[in-house]
Amino acid sequence: MTQVAGPPAITLSRAGPQQRATLAQLFQLYIYDISRFARWPVGPDGRYDLADRLLPPYFDAADHHPYLILSQDEIAGFCLIRRASDDAARWDMGQFFVMQKFRGGATAQAAFRAALRLHPGRWQVRVLPANDPALRFWSAAIAQVNGSPVDGQDVTADGLTMRRFAFQFGPDVSPAAPPS
């Protein structure tokens with residue numbers, strides 16, 4: 001009897017303080033990977049300083065959630081989830097990265113679905129408009145979980161234009177209103 005192996009188990013593992021350096025290293029790979037679309041400069045030390053600005057809230061703020069994407073027990077990437085800065089009732093996929101050796105299979109889609117299950121409700125995913133591979137992935141992935149395509153809308157914040165896809169997954173679980 002011949003058995004055909006299925007896709008490896010994909011899980012999200014909450015990144016704690018002990019994984020901060022690991023996430024910072026993966027973030028360098030992520031920025032390198034998308035720098036061809038954004039043209040971010042490399043610092044004199046050979047690193048992208050975006051990590052120094054973008055990662056700390058994921059370890060310090062209660063509404064930011066850093067995850068490592070694991071394929072079985074191997075790190076396959078990360079996803080950084082937070083509440084949207086313009087709408088605290090909406091989740092925002094701050095950054096999402098799957099290493100090249102895990103692309104082209106089901107890893108990214110499985111990680112995306114895991115993120116949605118962990119954080120049901122209203123969502124947005126933002127993509128650099130020049131990043132055609134990411135636009136294709138997100139359009140297809142969101143259509144698959146949404147049941148129909150979602151049109152992206154170009155939005156500009158801090159001088160950076162992004163294509164934003166807004167959709168809902170599961171019940172709307174909005175954060176509690178702050179006491180008045």
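Predicted model: local features only at pLDDT ≥ 70, side-chain atom pairs only at ≥ 80, totals over all residues.

User: In what order do the strands of the open sheet run?

Analyst: The open sheet has 7 strands. Their pairing is mixed. The order is 1-2-3-4-5-7-6.

User: What is the average twist from one strand to the next?

Analyst: The value is an average over steps from one strand to the next. The twist comes to 35°.

User: Which residue of strand 2 is the bridge partner of Leu 12?

Analyst: Strand 1 and strand 2 (residues 64–71) pair in the antiparallel sense, over 5 bridges. In strand 2, the partner of Leu 12 is Ile 69.

User: What angle does helix 5 make with strand 7?

Analyst: Helix 5 (residues 132–146) packs on the sheet. It touches strand 4, strand 5 (121–127) and strand 7 (160–169). Its direction makes an angle with that of strand 7 of about 15°.

User: Which strand gives the most to the lining of the largest pocket?

Analyst: The largest pocket has a volume of about 1300 Å³. It is lined by 45 residues, with Gly 94 and Arg 126 among those nearest its centre. By class, the lining has 25 nonpolar, 9 polar and 11 charged residues. The most, 7 residues, comes from strand 4 (residues 87–98).

Notes: Residues numbered from 1 in each chain as written. Heavy atoms only, no water. 1 Å grid on protein atoms, 1.4 Å probe; cavity = no way out; pocket = protein on both sides within 12 Å on 5 of 7 lines; lining within 4 Å. Points joined across faces, edges and corners; volume = space filled by probe spheres on them. Helix = DSSP H or I, 4+ residues; strand = E, 2+ residues; numbered from the N terminus. Nonpolar A, V, L, I, M, F, W, Y, C, P; charged D, E, K, R; others polar. Pairing = 2+ DSSP bridges. Axes fitted to C-alpha atoms, helices over the stretch in contact; angles between N-to-C directions. Contact = heavy atoms within 4.5 Å.
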